[in-house]
Every structure is written in structure tokens, then in C-alpha cells.
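I opened this entry to get my bearings in a structure I had not looked at before. My notes follow in the order I took them.

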Amino acid sequence: MHFKTWITGLTLLAGLALAAAASAESGSTIKDTPLKDKPFVDARTLANLPARTSVEIMERKGGWTRVKAAGKQGWVRMLNVRAGQAQAGGKTSAQDVAALATGRSGSGNIVATSGIRGLSEEELKSAKGNPDELKKMDKFAVTAKDAGAYALKNKLQRRSVSYLPAPQ
Amino acid sequence: MKQLIGMILVFFLALGSAQAIKLDDLKEKLSGKTSGDSSQPTDPKRMLLGVSEEDEIRIGQEVGANLLGASPLVPNEALQRYVNTVGRWVASQSERPNLPWHFGVIESSDVNAFAAPGGYVFLTRGLYMKLTSEGELAGVLAHEVGHVIKRHHIEVMRKGAAISLGESYLQKKVQDKNEYIKNLVGNGAEIFARSLDKNAEFEADRIGVVLSARAGYDPYSLPAVLQKIGAINPGDTSVALLFKTHPHPEERLLKLSDAMGESLAPYENAKGGGKLYKLK
């Protein structure tokens, strides 16, 4: 009886630990970046984080990522942080948890539950045409008109945006 | 009279396109000579001589069928229609909206996406499972649409065929279209095991965020996917091919950051879009 309770408690703890690891991911800043009160350029700056500051990543909203850093919580420009930085010391990271959840162990390429494999270079080179599958694609194709109707229904507004030149 | 106007029109159109391709290049191509100008093999007009849009589509169908021979479509019509709907909407924002756009999710645990010429775009089940919003799907597809509209793979195919067969041999082969296309495609879907030029990947990323914004999605969705991919352990076999054929996501994110600056910030709080189709 006591033993059972103990096991249940342990299982619960392990579950909580996994959940915590999945919701907050470790990361770091890749360049100097201000920590903002709100996800706006003109929001109040709480701190200036130098490059390579360790952060805890909470969520993303548009071009902003909410992080915990230096004892504060705020928003940084999403492109100025990187997620899942491999920390020395073998801590369980969020992607390991995700890998467990999808049945991928990391070393093997086989997903245990479905038997679906990856694509190797050799397989690509030796691939033989499958015209029947290609015909199926014709069946699934969507006209520009139908795509436009979907966009309208889902409030996707067409916007005029210029292409970005390559950075110098 | 109508016929005459038509003929004049055709004449001027022909004149226009001949001017677009540098006349000198054309002469050089036709004579089969290669001058000291070979230092610019990436000039798209030069590279594309002899590959029409019709050829592009044929090549895409061939390469696409071969890829499907290695990994068939996920047998889920609702999923495939959904991905085609989002993909077609994104492609409609490009300068080549009328290509025969086809999108497909293929059975592979790898995390990857492929753009075959002429408008055939594929992403793996492994990548689809990493996505958490329709905007992210749109971003991934928009990157691939970028490769298609810029004919990046055609360019790599031409370079590859030119190296293995010799440029002048290729020029003769232009006469025999079937043979020429066979040479360009090569074996199976090997084109997807080869890397594009790094700059082609950066360009497709820049196009990807812009097409996303034009389509009404959050342009930061593509970088969000890149961040997720960057967080995958490089030793994981699911990203082996992707990491081998692409610059590391971190390098791509840095380039995107430089290119985007704050210019797409006005579109980042996009609210539109449907729910991502849930694939089990």
C-alpha cells in the first residue's frame, strides 16, 4: 500500500517535470537586444540583454518571444534569440521530450508506432516513378478561385508587400 | 487584317524576349563556343536557355513522380486538400500564380520539404507534425514556392548536366527535347539530395516571409519553424538530409533578421487564417 502510493507520487512528479520541460525551453540571445515590457518596438525597456544571455523561452507572438531572463520577464525580438541551445551537462531538453512523445529515440530513424521511415540519399537516387501517386495530386489540386474563397472565409487579407533585397 | 495584327504582335513579342536574353549570349550559345565569360554561369537567362515553362512543368512531373516513388502521399484526402488550399493561396501572391500548383504531404519521418520545378511542392509528415499553426504551414510552403518561381532547381540541374556532359554536347541535345529533359532530371529524385546555392536558400526565405505577409499571415511564422528545426539535435537522423543540403537554420535566421529588420513588423499581428488541420 505504502509502496503503491510512493510509486504513484513518483510517477506524478516525473510527469510534472516533463510538463515543465515542455512548456519552457532554454535558449539564448544571439545579439544585444532590449527586453521589453510588451511586444511592441516602442514599449518600455526593462533591461538590455547582451548577446549570449541565457533565457527561458515562454511563448511567441508575432515577431516577439516572451522570455524570462536576468530575473525579469518580458519580450525580445524573436529573431534575436535562439531556442534549444544544447547545454553541456546533458539536461533533458524540450526537444528530447518531444522526441519521446513522437516515438523517435534520436539514434534510429524508425518511428515505432507507424513504421514510416526517413528519406536517404540513396533512396532518392534510386527512386522509380510512381505515376499513380502523381495523378492523385491532380485530384487534390485546388483552383486559385477556391483558395481565394477559403482566404475570404478565414479573413486572410491580401496585402501589398515588396520583396526584400538581399542584405549587403 | 486580324491575322496581320496578330503576326505583328508575335513579331514584337519575339523581339522583346530576344532583347531580354542578351544577344551576345544567344550568339555564343548557338555557336556552342564558351568565351571567357564562363565566370558567370549563374546568370539565370543564360542558364535557362532552352528550358521553357512547359519543360519546367514536365521536369516537375517527372521528378515529383520519382519522389513519390520513394515516399508516397499520406493517404488522407482532407489533409491533402487542406495543404493545397493554403499552398495555392500563398502561390497566388507570387508573380507566377498560374503555374499548375500542386502540394502534397508525403510519408516520411524526415523533417524536410521539396520544391520540384513547375509548381510541385512536397513536405514530409515529419515536418508537418512540427507545425503548430496554419501560418507556419503557409511559411514553409511559401519558402518552397520561392524556389519554384525563381527556378532554383532548374539552374542546379543545368549546372549538373553541363558539368557531366559538357556544355556543347548539351546544346546539341536541345534539339532533342526528351533526351535533354532526361539529362536534366538525372536519376530518380537525386536533385533533392543535392544542395542549392546558399544564396538561393536565403532568397527563398526572404520570398517566404514576404509571400506569407502578402497572403495575410504572420511573416514571422517561417522563422518560427526555422527556430524549431534549429533546436533539433543535429545528430537526429530526421534532419540529416535537410542539414546536409541547407545552411544551418541559425545562419538562415541571421540572414533573415538582417533582411527583414523592422520592415515586416506592421504585419506581425495577423489574426486571419484557419485552424491547422490536425494530423494524427
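**Chain A, a first look**

I started with contacts along chain A: of those with a separation of 6 or more, 48% join residues 24 or more positions apart. I keep in mind that this is a predicted model.

Next I looked up the elements. Chain A holds 5 helices and 7 strands. I read their order from the N terminus as α-β-β-β-β-β-β-β-α-α-α-α. Then I checked burial. Chain A has 168 residues, and 27% of them count as buried.

**Where the chains meet**

I turned to the contact between the chains. How many residues of chain B are in contact with chain A? I found 74, and they meet 53 residues of chain A. On the chain B side, the elements that give two or more residues include H4, helix H5 (77–91) and strand E1 (102–106). Helices H11 (198–214), H12 (221–230) and H14 (249–260) of chain B are also among them. H4(B) gives the largest share of that side, 9 residues. I also sorted the chain B side by residue type: 29 are nonpolar, 27 polar and 18 charged.

**Helix H4 of chain B**

H4(B) had come up, so I checked its length. This helix covers residues 53–70 of chain B, 18 residues. At 1.5 Å a residue it should span 26 Å, and its end C-alpha atoms are 26 Å apart, so the two agree.

**Helix H11 of chain B**

I repeated the check on H11(B). It has 17 residues and reaches 25 Å from first C-alpha to last, close to the 24 Å expected at 1.5 Å a residue.

**The nonpolar core**

Last, I looked at the core. In soluble globular proteins, nonpolar side chains tend to be buried together. The largest nonpolar core here has 95 residues. Leu67(B), Val90(B) and Leu141(B) have the most contacts inside it. Helix H7 (residues 134–149) of chain B gives the most to this core, 7 residues.

I followed Val90(B) further. Which residues does Val90(B) contact, leaving aside neighbours within four places in sequence? I listed Ala138(B), Leu141(B), Ala142(B), Val145(B), Leu211(B) and Ala215(B).

Note on methods
Residues numbered from 1 in each chain as written. Chains lettered and ligands numbered in written order. Predicted model: local features only at pLDDT ≥ 70, side-chain atom pairs only at ≥ 80, totals over all residues. Helix = DSSP H or I, 4+ residues; strand = E, 2+ residues; numbered from the N terminus. Expected span 1.5 Å × (residues − 1). Core = buried A, V, L, I, M, F, W, Y, C linked by C-beta atoms within 7 Å. Buried ≥ 20, exposed ≤ 12 C-beta atoms within 10 Å, placed from the backbone. Contact = placed C-beta atoms within 7 Å. Nonpolar A, V, L, I, M, F, W, Y, C, P; charged D, E, K, R; others polar.
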